[in-house]
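Please read these points with the model open beside you.

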Amino acid sequence: MTEELEGLRNTSLGARATDMPWKIRRFAKLDMSARLELQSALDAEIRAKQTIQDELNKVKTSHMATECKLDDLEKKNQDLQAEIQRLKQETENLRLSKGVKHQDSQNSFLAFLNAPTSALDQFDIDSIDNFSLSNTPSREEDGRSQVTSHSRSPSTTSDL
């Protein structure tokens, strides 16, 4: 009986010995497949993170450039505000020294723009003709044009 028992053990061990390499190879293939899948997923994740990192660097660079521009523009704005205040103060000082009452320049300009054109016709035409600039004709030409300027219509005068 012991011989038969040992024989059975040997046959069963022999069968297991032949089954083992097949199972080991199968598990090794499954492990290798899982490793390749994980490696592929890891590579894809690394590429995605690298792309995101590149985009983040571009955004950071753009943000820093925008911040620098903003700082420069804020400084320029402050300088211009200070200059406006200085010019307002100078204007006020000149008005006080000349004795002119403060008049809102925007209101007076808007009143001028809203004035009817007939108010412009009240100006003396001779004073307009005698007004000379560097681009106006010389005195000789001016003398010839004075004759025609007195015959101008009021609409032509307002065009001047």
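1. Start with Arg86, which is partly exposed because its relative accessible area, 42%, falls between the limits of 20% and 50%. The model is a predicted one, and the values below are computed from it.

2. Arg86 has a partner: it forms a salt bridge with Glu90, and the closest N and O atoms are 2.5 Å apart. That distance counts as a salt bridge because the cut-off is 4 Å. Glu90 is partly exposed as well, at 38% relative accessible area. The two residues are separated by about one helical turn, because Arg86 and Glu90 lie 4 residues apart in helix H1.

3. How many salt bridges does the structure hold? The count is 3. Side chains of opposite charge can pair when their charged atoms come close.

4. Another of these pairs joins the side chains of Lys75 and Asp79, with 3.6 Å from N to O. Lys75 and Asp79 are about one helical turn apart, since 4 residues separate them in helix H1. Is Lys75 buried or exposed? Lys75 is exposed because its relative accessibility of 51% is over the 50% limit. Asp79, at 43%, is partly exposed.

5. Glu45 and Lys49 also form a salt bridge, and their closest N and O atoms are 3.6 Å apart. Both residues belong to helix H1, where a spacing of 4 residues amounts to about one turn. Glu45 is partly exposed at 43% relative accessibility, whereas Lys49 is exposed at 53%.

6. Glu67 sits in helix H1, which covers residues 2–98.

7. Now the chain as a whole. The secondary structure consists of 5 helices and 0 strands. Along the sequence this reads as α-α-α-α-α.

8. What share of the residues counts as buried? The figure is 2% of the 160 residues. The protein exposes about 14,700 Å², and carbon and sulfur atoms supply 58% of that area.

9. To go over the pairs again, look in helix H1 for Glu45 with Lys49, Lys75 with Asp79 and Arg86 with Glu90. In each of these pairs the residues are 4 apart.

Notes. Residues numbered from 1 in each chain as written. Predicted model: local features only at pLDDT ≥ 70, side-chain atom pairs only at ≥ 80, totals over all residues. Heavy atoms only, no water. Buried < 20%, exposed > 50% of the residue type's maximum accessible area, 1.4 Å probe, protein only. Areas by Shrake-Rupley, 256 points an atom, 1.4 Å probe, with all protein chains shown as cover.
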